[in-house]
Amino acid sequence: MLIENWNQKDKLQIKATRDGFGEAILELGKQNSNIVVLCADLAESTRVSDFKNSFPEKFFEMGLTEQNMALVAAGMALSGLIPFMCSFAVFSPIGNLTQVRVSIAYNQANVKIVSSHSGISVGEDGATHQAIEDIAIMRAIPNMVVLTPCDFEEAKKITIAAAKYNGPVYLRFERQKTPIFTKKESTFEIGKAQILKDGKDVAIIACGSLVYEALLAANDLEKEGIYAMIINNPSIKPLDENKILEVAKKTRSIVTVEDHQIKGGMGSAIAQFISQNFPVPIEFVGINDCFGESGNFEELRAKFNLDSHYIKEKVRQVLKKKGRFNKR
Amino acid sequence: MDFLHLKKIANQIRQDIIKMITEAGSGHPGGSLSCVEILVSLYFGDILKYDPQNPHWEERDRFILSKAHGAPALYAVLSQAGFFSHNELLTLRKINSRLQGHPDRIKFPYVETSGGALGQGLSIGIGMALAALYQKKDWQVFVLMSDGEQEEGSTMEGMLCAVKYKLNNLIGIIDANRLQIDGSVDEIMDGETIKKRYLAFGWEVIEVNGHNFSELLDAFKKAKNIQKPVCIFANTIKGKGVSFMENKVQWHGKAPTTKEAKIALEELKEEAKKYAN
């Protein structure tokens, strides 16, 4: 899974996951005549400009009509096309939620909802543009698959997997450039999590580009004699329950990591499953019930407790709980 | 009398609507009764291409009931057209029924889309019309909306989009019965300027009496050949055909009692005598 020099952060290539989407959708456009792209006045930001230029007949500029865009996509899907509708998560699917809920999800329309800008790491645009509730919202909707990649390489794979899957999918990409640390040839499957690094003391389950922060934390923790297992969890729904049960049984403590509200997010999904099937102590790294603000993404990750430093803190906390838990 | 055959069907549909909603104990009689002639024109006036033996026939025209609370009228028409059994109509809104209060295309595959949230049908129709043009298909798309639904922002987004893409295969129909839940469309927001809005956005508008088959059929035939989006603005009467329901907003979303239903059905059967031949 991991490339060989993954722990040499300064030497890694950096690219945004939205760029992975942009490359993959262009490739899909060449392969499949049913694939079309809709966009709400954000072609460059959502990385569909190349698609637009290569396939003008397959590209539909919807302007700032996100509600209309979701419905048009639904109508196209019900007529046999595979529409990818692209915007920022705050505008779509949050801004057009009732259309997404009824006409895409309830209809089981084969629409792919793409957000290029998700999480507090969107950065300088500030709180209005930082979608940190989208996972909670989308995973509560029946029929909806929710995917988010950890790096550029995985972004390409989830785009291709979404195109092959028949049904509504929410694809959560990120704006900022982050390290590429997974191998091109490793596979992605909807409903599967991957163990990136083995460890016996604690399982850190992360999604999105923060997976890399979790890996950095694990590296540092080894120096303290703490061996953390790192799990990349790109398929938030459906959840890889077997894998999560397996790692919970092995490490008996979990820390979840996501650039999203703690309430309702990926960590909530894990906690809900674990509490029913194999209760162990869990700590959560995520946004703690507040809005974001302007700043660059690294500053924001530090200020809002999403970076490797805070992940380590949460690991130490969960290990204390684990000790008490095991003594009972 | 002209269009006897269609009038006879419309009368039968109205009786079905009353029976279904009464049996269900809830539903929307007013807006179901107001759109009967529109639906009968489409399905029995040689306007829509469809095949009840092959409901997903690729070349069929697409009909979308955007005012999905009019579902009882559509169910009755689809049954009459031979898509499914007449007996099933009385399962409307009951547990385990295919006939949901608002149509569900997964449970009931004879509708093109699930619906129930107003303001969504027009743009779904735009998506289908764009797909037809992209796939070089000849089928056309018909979307039946309410006049209250014109208040939805998403409807106005669709009005813009249809014109941008010069959709010559999209026909919007407005069942303008002039009443919505909280009162008259004019009082609630603005029913007066609906036609002007469509014209201003660049649509062709054809105004008809929505209970007159001659006007409806002429409008549909004309609309099919107009090379831009067409809005057929059909002036209708909410609760049409049942005297005590006509133009009464309280019949928007209330089932008649058994006694009231009996009166309504007697009235409709009396009317039916005119078409017996």
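Modeller: In chain B, 75% of the contacts with a separation of 6 or more join residues 24 or more positions apart; a contact here needs two C-beta atoms, placed from the backbone, within 7 Å. This is a predicted model: local features need pLDDT of at least 70, side-chain atom pairs count only at pLDDT 80 or more, and totals for chains, interfaces and linings use all residues. Residues are numbered from 1 along each chain as its sequence is written, with chains lettered from A and ligands numbered from 1 in the order written.

Along the principal axes, the C-alpha atoms of chain B fill a box of roughly 50 × 45 × 40 Å. Chain B holds 10 helices and seven strands, taken as DSSP runs (helices H or I, at least four residues; strands E, at least two) and numbered from the N terminus. The radius of gyration of chain B is 18 Å, close to the 19 Å from the globule rule for 277 residues, so chain B is as compact as a globular protein of that length. That rule is 2.2 Å times the number of residues to the power 0.38, and the radius is taken over C-alpha atoms.

Now the sheet. Five strands of chain B form an open sheet in the order 1-2-3-7-6, with parallel pairing; a pair needs at least two DSSP bridges. Strand 1 (62-65) and strand 6 (204-209) of chain B are the edge strands, and each pairs on one side only. From one strand to the next, the twist averages 20 degrees. Axes are lines fitted to C-alpha atoms, for helices over the stretch in contact, with angles from 0 to 180 degrees between N-to-C directions.

Inside the sheet, take strand 2 (residues 141-146) and strand 3 (residues 170-176) of chain B. These two pair in the parallel sense over six bridges. One bridge can be named: B:Ser146 has B:Asp175, in strand 3 of chain B, as its partner.

Helix 8 (residues 194-201) of chain B lies across strand 3, strand 6 and strand 7 (230-235) of chain B. Helix 8 runs at about 155 degrees to strand 6 of chain B.

Now the glycine. B:Gly70 sits in the loop between strand 1 and helix 4 (71-80) of chain B. B:Gly70 counts as buried because it has 29 C-beta neighbours inside 10 Å. Apart from neighbours within four places in sequence, B:Gly70 is in contact with B:His28, B:Gly31, B:Ser32, B:Cys35 and B:Leu65. One of these, B:Leu65, belongs to edge strand 1 (62-65) of chain B. B:Ser184 lies 114 residues from B:Gly70 along the chain. Their C-alpha atoms are separated by 18 Å.

Last, the partner. On the interface, 23 residues of chain B are in contact with 22 residues of chain A. On the chain A side, helix 3 (66-77) and helix 4 (97-106) of chain A are the elements that give two or more residues. Helix 3 of chain A supplies the largest share of that side, with eight residues.

Conventions: A residue is buried if 20 or more other C-beta atoms lie within 10 Å of its own, exposed if 12 or fewer, and partly exposed in between; C-beta atoms are placed from the backbone.
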